[in-house]
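Dear colleague,

I am passing on a structure that will be new to you, and below it you will find an account of what came out of it. Please have it open beside you as you read.

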Amino acid sequence: MTLSRRSAVVAILLLSALASCVNQNRPPTQQDNICAILDQRPGWLNDLERTQRQWGVHPADVMAIIWKESSFRARARTRRTYSLGSIPSGYISSAFGFSQALDGTWEWYQDETNARGARRQSFRDAVDFIGWYMNQSLQRNNIALDDAENQYLAYHEGHTGYARGSYRLKSWLPPVARQVQRQADLYRSQLPYCR
């Protein structure tokens with residue numbers, strides 16, 4: 001093989017690898033079809049099954065929460081805030097990643113599970129976090145693991161807020177939680193037919 005031909009082959013391989021990385025950073029298309037999502041991200045099924053074994057949560061419920069929180073974007077953030085109308089000054093909250101976990105809640109998870117290296121932009125870590133949090137909601141608020149609607153309300157409001165019923169003061173939130181339940185039900189019905 002000549003030097004120029006070898007260089008061309010190396011360049012093609014590097015471009016293919018780069019394109020693969022770029023594609024993995026984009027959220028999956030067809031977000032209402034769990035089979036299509038898992039076809040685009042085959043490694044995610046192993047992560048979901050691992051979380052199901054560890055925490056007893058159904059993959060459909062975990063995926064419905066991620067669907068609502070980040071639309072499957074690894075580096076999702078809340079809206080920016082601005083000073084003086086146009087100077088970026090931060091974000092509405094510290095929520096970040098697939099799970100949109102807040103800094104303090106993520107640190108609590110890391111401490112409780114001894115997962116110091118866990119990252120919110122890692123799908124595997126995010127689904128483990130959601131499984132752990134749903135178990136906390138079961139223990140603290142007696143919310144069944146398959147009750148995606150109430151699990152989402154506790155996820156959004158925190159365990160204390162949920163216990164106080166703070167979601168009742170936010171007329172927009174209960175309909176969002178019902179959307180999460182419908183999405184979980186949809187994913188649950190599709191999952192047995194995935195390859």
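The protein chain holds 8 helices and 2 strands, and when it is followed along the sequence these elements come in the pattern α-α-α-α-β-β-α-α-α-α. Please keep in mind that this is a predicted model, in which the protein chain has an average pLDDT of 87, with 78% of the residues scoring at least 70. Over residues 16–23, however, the pLDDT is below 50, and beyond near neighbours in sequence this stretch has 1 contact in the model. Where pLDDT is low, predicted coordinates should not be read in detail.

As for the chain as a whole, 44% of its 195 residues are buried, while the protein chain exposes about 11100 Å², of which carbon and sulfur atoms supply 50%.

Helix 4, which covers residues 59–70, packs with helix 7, which covers residues 148–164, at an angle of about 50°, and their axes are 11 Å apart. Because of that angle, helix 4 counts as oblique to helix 7, and the crossing of the two is right-handed. On the side of helix 4 the contact is made by Asp61, Ile65, Lys68 and Glu69, and on the side of helix 7 by Ala148, Tyr152 and Tyr155.

Conventions: Residues are numbered from 1 along each chain as its sequence is written. This is a predicted model: local features need pLDDT of at least 70, side-chain atom pairs count only at pLDDT 80 or more; totals for chains, interfaces and linings use all residues. Side-chain values use heavy atoms; hydrogens and water are left out. pLDDT is the predictor's confidence in each residue, from 0 to 100. Contact means heavy atoms within 4.5 Å. Helices (H or I, at least four residues) and strands (E, at least two) are DSSP runs, numbered from the N terminus. Buried means under 20% relative accessible area, exposed over 50%, partly exposed in between (1.4 Å probe, protein chains only). Accessible areas come from the Shrake-Rupley method with a 1.4 Å probe; for residues, only the protein chains shown count as cover. Axes are lines fitted to C-alpha atoms, for helices over the stretch in contact, and angles run from 0 to 180 degrees between N-to-C directions. Angles under 35 degrees count as roughly parallel, over 145 as roughly antiparallel, 65 to 115 as roughly perpendicular and the rest as oblique. A crossing is left-handed if the near helix is turned anticlockwise from the far one by less than a right angle, and right-handed if clockwise.
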